[in-house]
Amino acid sequence: MNCKRVNEVLFLFFDNELEDDLLDPFRAHTRGCPICAQRLDYTRKLLLLVRECCRRESAPERLRMRILASMPHRRGAERYH
Ligand SMILES: [Zn+2]
């Protein structure tokens with residue numbers, strides 16, 4: 001596996017969708033190549049950050065939906081605005 005290929009399958013690796021026969025060459029390359037090791041580390045942190053943000057954003061959204069659901073009269077009332 002080379003750097004270009006590692007870059008192509010990087011996100012598959014994090015999604016656990018990397019084919020089994022590619023896992024070993026992928027790991028072997030990232031162990032031996034400082035550039036790809038760094039890219040792997042960076043991508044892992046980036047994905048963690050994205051997931052962290054998504055979790056935070058979805059909480060108020062769920063709360064909003066719950067508030068809307070608890071107001072059954074809202075639809076009717078809107079007509080008078
Ligand atoms: Zn590399």
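**Helical architecture and zinc site of the predicted model**

Read along the sequence, the protein follows the pattern α-α-α-α, and accordingly four helices and zero strands are present. The structure described here is a predicted model, in which the protein averages a pLDDT of 84 and 83% of the residues score at least 70. Confidence is highest in helix H2 (residues 20-32), at a mean of 96, and lowest in helix H4 (residues 74-78), where the mean is 55. Where pLDDT is low, the predicted coordinates should not be read in detail. Of the 81 residues in the protein, 20% are buried.

Helix H1, which covers residues 3-14, has 12 residues and reaches 16 Å from its first C-alpha to its last, a span close to the 16 Å expected at 1.5 Å a residue. Within this helix, Val6, Val9, Leu10, Phe13 and Phe14 are buried. These residues lie on the same side of H1, because they cover an arc of only 160° around the axis. One of them, leucine 10, is 30 residues apart in sequence from leucine 40, yet the two are 7.3 Å apart in space, C-alpha to C-alpha. Leucine 40 is placed in helix H3, which covers residues 34-69, and with a relative accessible area of 11% leucine 40 is likewise buried.

H1 is followed by asparagine 16, which is located in the loop between H1 and H2. The phi of asparagine 16 is near 60°, a positive value in a residue other than glycine. In contrast to the buried residues of H1, asparagine 16 counts as exposed, because its relative accessibility is 72%.

Helix H2 has 13 residues and reaches 19 Å from its first C-alpha to its last, close to the 18 Å expected at 1.5 Å a residue. The buried residues of H2 are Leu22, Leu23, Phe26, His29 and Thr30. An arc of only 145° around the axis covers them, so they are on the same side of H2. On the other side of this helix, Asp20, Asp21, Asp24, Arg31 and Gly32 are exposed.

The zinc ion is coordinated by Cys3 through SG, by His29 through NE2, and by Cys33 and Cys36, each through SG, at 2.0 to 2.4 Å. The angles among the four donor atoms are 102 to 112°, and the site of the zinc ion is tetrahedral. In sequence, the donor residues of the zinc ion are spaced C-x25-H-x3-C-x2-C.

Cysteine 33 and cysteine 36 are both buried. Cysteine 33 counts as buried because its relative accessibility is 11%, whereas the relative accessible area of cysteine 36, also buried, is 0%.

Definitions and conventions
Residues are numbered from 1 along each chain as its sequence is written. This is a predicted model: local features need pLDDT of at least 70, side-chain atom pairs count only at pLDDT 80 or more; totals for chains, interfaces and linings use all residues. Side-chain values use heavy atoms; hydrogens and water are left out. Donors are N, O and S atoms within 2.8 Å of the metal (3.2 Å for Na, K and Ca); water is not among the atoms, so sites may look incomplete. Four donors count as tetrahedral if all angles lie between 85 and 135 degrees; four count as square planar and six as octahedral if opposite donors are over 155 degrees apart and all others between 65 and 115; anything else is irregular. Buried means under 20% relative accessible area, exposed over 50%, partly exposed in between (1.4 Å probe, protein chains only). pLDDT is the predictor's confidence in each residue, from 0 to 100. Helices (H or I, at least four residues) and strands (E, at least two) are DSSP runs, numbered from the N terminus. The expected span of a helix is 1.5 Å times one less than its number of residues. The arc is that of the directions from the helix axis to the C-beta atoms.
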